[in-house]
Amino acid sequence: MEGEINMKVYGYQFDSEELIELQEVSFQVDIKEIDKLIKFLQQVQEQHSKVIDETELCHSHFRDWDTEWVTGTTDIIVVTTSTNQ
């Protein structure tokens, strides 16, 4: 159905493969980090849009995008699915 929200959010500890579907997500960030997240999501949108009809799933890691990312801090993984699959 058009306009239906299909977003799902999962969480897990880095050393565990057990996924937990989350009902709510909180980001504790400052304004600079919000700006980074917006830029990351804009780039994800641009890059994933180029391949949306060529692949069933596409994913991007914040840690791979952010040159200042520190090992052991939170990573954000955005997974998009093709609307034609």
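This is a predicted model: local features need pLDDT of at least 70, side-chain atom pairs count only at pLDDT 80 or more; totals for chains, interfaces and linings use all residues.

Colleague: Great. How many aromatic pairs does a search of the whole structure find?

Modeller: The search turns up three aromatic pairs. One of them joins Phe-40 and Trp-65, with ring centres 5.6 Å apart and planes at 55°, so that pair is tilted.

Colleague: And where do Phe-40 and Trp-65 lie?

Modeller: Phe-40 is in helix α1, which covers residues 31-51, and Trp-65 is in helix α2, residues 62-65. The pair therefore ties together parts that are 25 residues apart in sequence.

Colleague: Is Phe-40 buried or exposed? And what about Trp-65?

Modeller: Phe-40 is buried, at 2% relative accessible area. Trp-65 has a relative accessible area of 27%, which makes this residue partly exposed.

Colleague: Which other ring pairs with Trp-65?

Modeller: Phe-62 does: the ring centres of Phe-62 and Trp-65 are 5.7 Å apart and the planes are at 35°, so this pair is tilted too. Both residues sit in helix α2, three residues apart, or about one turn of the helix. Phe-62 has 10% relative accessibility and counts as buried, because the cut-off is under 20%. Together, Phe-40, Phe-62 and Trp-65 form one aromatic cluster.

Colleague: What does the side chain of Lys-36 make a polar contact with?

Modeller: With the side chain of Glu-68, at 2.7 Å. If you set aside neighbours within four places in sequence, Lys-36 is in contact with Phe-62, Trp-65, Asp-66 and Glu-68. Two of those names, Phe-62 and Trp-65, you know from the aromatic cluster.

Colleague: OK, on to the core. Which residues make up the largest nonpolar core?

Modeller: There are five residues in all: Leu-37, Phe-40, Val-44, Phe-62 and Val-78. Helix α1 gives the most to this core, with three residues. As general background, nonpolar side chains in soluble globular proteins tend to be buried together.

Colleague: What is Leu-37 in contact with, leaving aside its neighbours within four places in sequence?

Modeller: Leu-37 is in contact with Phe-27, Val-29, Phe-62 and Ile-76.

Colleague: New topic: where is the place of Leu-19?

Modeller: Leu-19 is in the loop between strands β1 (9-11) and β2 (20-22). Not counting residues up to four places away in sequence, Leu-19 touches Tyr-10, Gly-11 and Tyr-12. The C-alpha atoms of Leu-19 and Gly-72 are separated by 18 Å, and these two residues are 53 residues apart along the chain.

Technical notes. Residues are numbered from 1 along each chain as its sequence is written. Side-chain values use heavy atoms; hydrogens and water are left out. Rings of Phe, Tyr and Trp (its six-membered ring) pair if their centres lie within 6.5 Å; planes under 30 degrees apart count as stacked, over 60 as edge-to-face and the rest as tilted. Helices (H or I, at least four residues) and strands (E, at least two) are DSSP runs, numbered from the N terminus. Buried means under 20% relative accessible area, exposed over 50%, partly exposed in between (1.4 Å probe, protein chains only). A polar contact is a pair of N or O atoms within 3.5 Å; within protein, one must be able to donate a hydrogen and the other to accept it, and residues adjacent in sequence count only if both atoms are side-chain atoms. Contact means heavy atoms within 4.5 Å. A nonpolar core is a set of buried Ala, Val, Leu, Ile, Met, Phe, Trp, Tyr and Cys residues joined through side-chain atoms within 4.5 Å.
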